[in-house]
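Good morning, everyone, and thank you for making the time. I would like to walk through a few places in one structure, slowly enough that anyone new to it can follow along on the screen.

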Amino acid sequence: MRDYYVIARKDLLPGAAHSSEWPKIIGYSYKDKSFLLLEGKGHGLMGGELPETIAKQPKWRDIFVVLDVEWFLDFLEKSPPADESSFVGEVSKKIGPLEVLMY
């Protein structure tokens, strides 16, 4: 199991018990340099883990755009934090307190 910091979460269909589209969640594991991408809920839930190098590929960019966190990929590329504490501090400044998911 890995700890993922939730960097984006949006649910456009909160009343739908088994949506395959919403919510969409992006988590990031600083330690493992990987992303957790989740979509849907109930019987519609699906998702998986991707290494950072794969998640940065153009075919995955849509989920970052939909959740308005494409800045995060630039953040990792242009100003990578020196350690996990710095990472948490910098991202928290941008989006507020970070939730952690274990997956």
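Let me begin with a pair of side chains, those of Lys 41 and Asp 11, which are joined by a polar contact of 2.9 Å, and please keep in mind throughout that this is a predicted model. Lys 41 sits in the loop between strand 3 (34–39) and strand 4 (46–51), and because its relative accessibility is 16%, under the 20% cut-off, Lys 41 counts as buried. Setting aside residues up to four places away in sequence, Lys 41 touches a number of others besides Asp 11, including Leu 13, Pro 14, His 18, Trp 22 and Pro 23.

Turning now to strand 1 (residues 3–10), we find Ala 8 there, and Ala 8 is also buried, with a relative accessible area of 7%. Although Ala 8 and Ile 25 are 17 residues apart in sequence, their C-alpha atoms are 5.6 Å apart in space. Beyond its neighbours within four places in sequence, Ala 8 is in contact with Lys 24, Ile 25, Ile 26, Leu 67 and Val 69.

Finally, the helices: the axes of helix 3 (residues 70–78) and helix 4 (residues 84–95) come within 12 Å and cross at roughly 150°, which means that helix 3 is roughly antiparallel to helix 4. Their crossing is right-handed. On the side of helix 3 the contact is made by Trp 71, Phe 72 and Phe 75, and on the side of helix 4 by Phe 87, Glu 90, Val 91, Lys 94 and Ile 95, so that, sorted by class, this contact has six nonpolar, no polar and two charged residues.

Key:
Residues are numbered from 1 along each chain as its sequence is written. This is a predicted model: local features need pLDDT of at least 70, side-chain atom pairs count only at pLDDT 80 or more; totals for chains, interfaces and linings use all residues. Side-chain values use heavy atoms; hydrogens and water are left out. Axes are lines fitted to C-alpha atoms, for helices over the stretch in contact, and angles run from 0 to 180 degrees between N-to-C directions. Helices (H or I, at least four residues) and strands (E, at least two) are DSSP runs, numbered from the N terminus. Angles under 35 degrees count as roughly parallel, over 145 as roughly antiparallel, 65 to 115 as roughly perpendicular and the rest as oblique. A crossing is left-handed if the near helix is turned anticlockwise from the far one by less than a right angle, and right-handed if clockwise. Contact means heavy atoms within 4.5 Å. Buried means under 20% relative accessible area, exposed over 50%, partly exposed in between (1.4 Å probe, protein chains only). A polar contact is a pair of N or O atoms within 3.5 Å; within protein, one must be able to donate a hydrogen and the other to accept it, and residues adjacent in sequence count only if both atoms are side-chain atoms.
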